[in-house]
Amino acid sequence: MLRLSKLTDYAVVALVHLARQDGVTTSPALSQATGIPEPTVAKVLKILATDDLVVSLRGARGGYRLARPLNEISVARVIAAVDGPISLTACVDGGECDARTLCGLCGQWDAVNDAIRGALSSITLADMQTSGQAPRGPGGACAAHDQARDIAHDISAAGPAVAV
């Protein structure tokens with residue numbers, strides 16, 4: 001199963017909540033608003049500041065604010081900032097592989113990886129932003145998760161177009 005790290009999930013939540021704030025927000029205030037433990041919020045914000053997704057302001061009225069609007073931040077960008085490059089296998093994009101001589105699939109995962117990277121790049125945090133309670137889709141699932149599931153289904157249904 002392909003699964004995002006908790007830190008990436010927390011980063012998306014933090015960024016969306018920052019967009020709802022007027023001006024600057026502190027790490028403790030963001031922690032209280034999101035339910036994410038404050039040390040984790042501080043760690044995520046530091047990572048996001050390093051990748052220029054948020055701006056850190058020091059001083060008595062300091063805190064964090066978005067560096068750019070949510071419609072300019074893709075899910076892929078957040079994943080790359082927190083977890084590093086999107087790479088399904090070690091050999092994607094010419095990476096090193098311990099089983100290169102035995103596997104025979106060197107480079108074949110690139111098309112799959114590119115499709116996933118493209119899908120994640122096409123979804124912005126503005127697409128995921130909801131006001132108030134997250135709208136629920138069929139079966140009670142959150143609408144953002146429904147959208148992610150639909151994209152994953154579209155990728156898997158591509159069949160021969162994403163040949164391995």
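Trainee: What makes Thr 8 count as buried?

Mentor: Its relative accessibility is 1%. Buried means under 20% relative accessible area, exposed means over 50%, and partly exposed lies in between (1.4 Å probe, protein chains only). So at 1%, Thr 8 is buried.

Trainee: And what kind of model is this?

Mentor: It's a predicted model, where local features need pLDDT of at least 70, side-chain atom pairs count only at pLDDT 80 or more, and totals for chains, interfaces and linings use all residues. Residues are numbered from 1 along each chain as its sequence is written, and side-chain values use heavy atoms, with hydrogens and water left out.

Trainee: Which residues does Thr 8 touch, leaving out those up to four places away in sequence?

Mentor: Val 78, Ile 79, Val 82 and Asp 83. Touching is contact, meaning heavy atoms within 4.5 Å.

Trainee: What makes the link between the side chains of Thr 8 and Asp 83 a polar contact?

Mentor: The distance is 2.6 Å. A polar contact is a pair of N or O atoms within 3.5 Å; within protein, one must be able to donate a hydrogen and the other to accept it, and residues adjacent in sequence count only if both atoms are side-chain atoms.

Trainee: Where is Thr 8 found?

Mentor: In helix H1. Helices (H or I, at least four residues) and strands (E, at least two) are DSSP runs, numbered from the N terminus. The protein chain has eight helices and two strands.

Trainee: Why is His 17 called buried?

Mentor: His 17 is at 18% relative accessibility, so it counts as buried. Its place is in helix H1. Leaving aside neighbours within four places in sequence, His 17 is in contact with Leu 30, Ala 33 and Thr 34.

Trainee: Let's turn to H2. Which of its residues are buried?

Mentor: In H2 (residues 27–34), they are Ser 27, Leu 30, Ser 31 and Thr 34.

Trainee: How do you know that they are on the same side of H2?

Mentor: They cover an arc of only 105 degrees around the axis, which puts them on the same side of H2. The arc is that of the directions from the helix axis to the C-beta atoms. In general, an α-helix has 3.6 residues a turn, so residues three or four places apart point the same way.

Trainee: What do those buried residues pack against?

Mentor: Helix H1 (6–20) and helix H3 (38–50). Ser 31, buried at 12% relative accessibility, touches Ile 36, Pro 37, Glu 38 and Val 41, not counting residues up to four places away in sequence.

Trainee: How do H2 and H3 cross?

Mentor: Their axes come within 9 Å and cross at roughly 115 degrees. Axes are lines fitted to C-alpha atoms, for helices over the stretch in contact, and angles run from 0 to 180 degrees between N-to-C directions.

Trainee: Finally, is Asp 52 buried, partly exposed or exposed?

Mentor: Asp 52 has a relative accessible area of 49%, so it is partly exposed. You'll find Asp 52 in the loop between H3 and strand S1 (54–57). Its phi is near 60 degrees, a positive value in a residue other than glycine.
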